[in-house]
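Please look over the sequence and the model below before reading on. The paragraphs that follow go through it part by part.

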Amino acid sequence: IKVALMMMWLTAGRVGDALKLKEKSVKCNGTNLDVTFEDGKGVVLSKGKCSVHTLVPECWRPLLVTHLAKLQPEQLLVPASEGITLQQRGAACNTALQRVDKQVTTRSIRRGALQAMAMGSDEIPPANLETLMAYAGHLRPTTTKRYLDWGRLFGDAARFQRGAAASLLHR
């Protein structure tokens with residue numbers, strides 16, 4: 001589950017899309033990460049495969065590289081047990097998050113990642129609206145602004161949500 005959450009944060013991907021990723025879809029070269037989504041809601045909305053190019057924090061790289069090395073190209077990053085649906089696997093991700101913080105869901109990870117991109121950091125400038133739309137898979141600026149609660153993006157609740165989402169991935 002940790003790898004699925006990591007993929008969600010790094011790509012601002014949906015939980016269902018992250019759970020459908022296969023080993024062959026993720027290429028890690030140093031701190032560069034290329035992820036190709038071939039299945040899921042994001043692929044349907046973008047009308048085809050969707051590639052995301054991002055960076056892996058150095059502290060996460062060993063976990064990701066070790067995990068990928070254990071898998072065959074067609075294997076899912078997060079193995080599915082016999083008879084367990086995608087919805088049940090997504091619910092397991094939510095349960096894992098809520099063991100740490102009852103207010104955090106998988107949507108918090110995706111939304112927090114997009115909000116962090118919008119805010120930028122000391123090292124990385126804020127992403128523009130077009131970049132945020134591309135990562136979110138939204139076709140209209142109004143959808144992205146509504147999703148990110150644009151007017152309150154810089155408020156205390158948004159800071160809390162971004163911080164909580166980021167801290168969960170470091171555990």
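**Reading the predicted model**

There are zero disulfides in the structure, which is a predicted model. A disulfide is a covalent bond between the sulfur atoms of two cysteines. Cys59 counts as exposed because its relative accessibility is 53%, and exposed means over 50%. Cys93 has a relative accessible area of 0% and is therefore buried.

Cys28 has Leu33, in β2, as its bridge partner.

Thr36 belongs to strand β2, which covers residues 32-37. Which residues does Thr36 contact, leaving aside its neighbours within four places in sequence? They are Leu21, Ser25, Lys49, Cys50 and Ser51. With Ser51 there is also a polar contact, in which the two side chains are joined at 3.3 Å. Thr36 and Val52 are 16 residues apart in sequence, and their C-alpha atoms are 6.4 Å apart in space.

Ser25, one of the residues in contact with Thr36, is found in the loop between α2 and β1 (26-29). Is Ser25 buried or exposed? Its relative accessibility is 5%, so Ser25 counts as buried; the cut-off for buried is under 20%. Not counting residues up to four places away in sequence, Ser25 touches Asp34, Val35, Thr36 and Glu38.

Another loop joins α1 (2-11) and α2 (15-19), and Ala12 lies in it. Ala12 has a phi near 55°, a positive value in a residue other than glycine. Most residues other than glycine have a negative phi. Ala12 counts as buried because its relative accessibility is 1%.

The last stop is the loop between α4 (61-69) and α5 (86-100), where Gln75 lies. At 34% relative accessibility, Gln75 counts as partly exposed, because that value falls between the limits of 20% for buried and 50% for exposed. The side chain of Gln75 reaches the backbone nitrogen of Gln72 at 2.6 Å. Leaving aside neighbours within four places in sequence, the contacts of Gln75 are Leu21, Lys22, Glu23 and Lys70. Leu21 is also among the residues in contact with Thr36. How many residues apart in sequence are Gln75 and Lys20? They are 55 residues apart in sequence, while their C-alpha atoms are 9.6 Å apart in space.

Definitions and conventions
Residues are numbered from 1 along each chain as its sequence is written. This is a predicted model: local features need pLDDT of at least 70, side-chain atom pairs count only at pLDDT 80 or more; totals for chains, interfaces and linings use all residues. Side-chain values use heavy atoms; hydrogens and water are left out. Helices (H or I, at least four residues) and strands (E, at least two) are DSSP runs, numbered from the N terminus. Buried means under 20% relative accessible area, exposed over 50%, partly exposed in between (1.4 Å probe, protein chains only). Contact means heavy atoms within 4.5 Å. A disulfide is a pair of cysteine sulfur atoms within 2.5 Å. A polar contact is a pair of N or O atoms within 3.5 Å; within protein, one must be able to donate a hydrogen and the other to accept it, and residues adjacent in sequence count only if both atoms are side-chain atoms. Two strands pair if DSSP finds at least two bridges between them.
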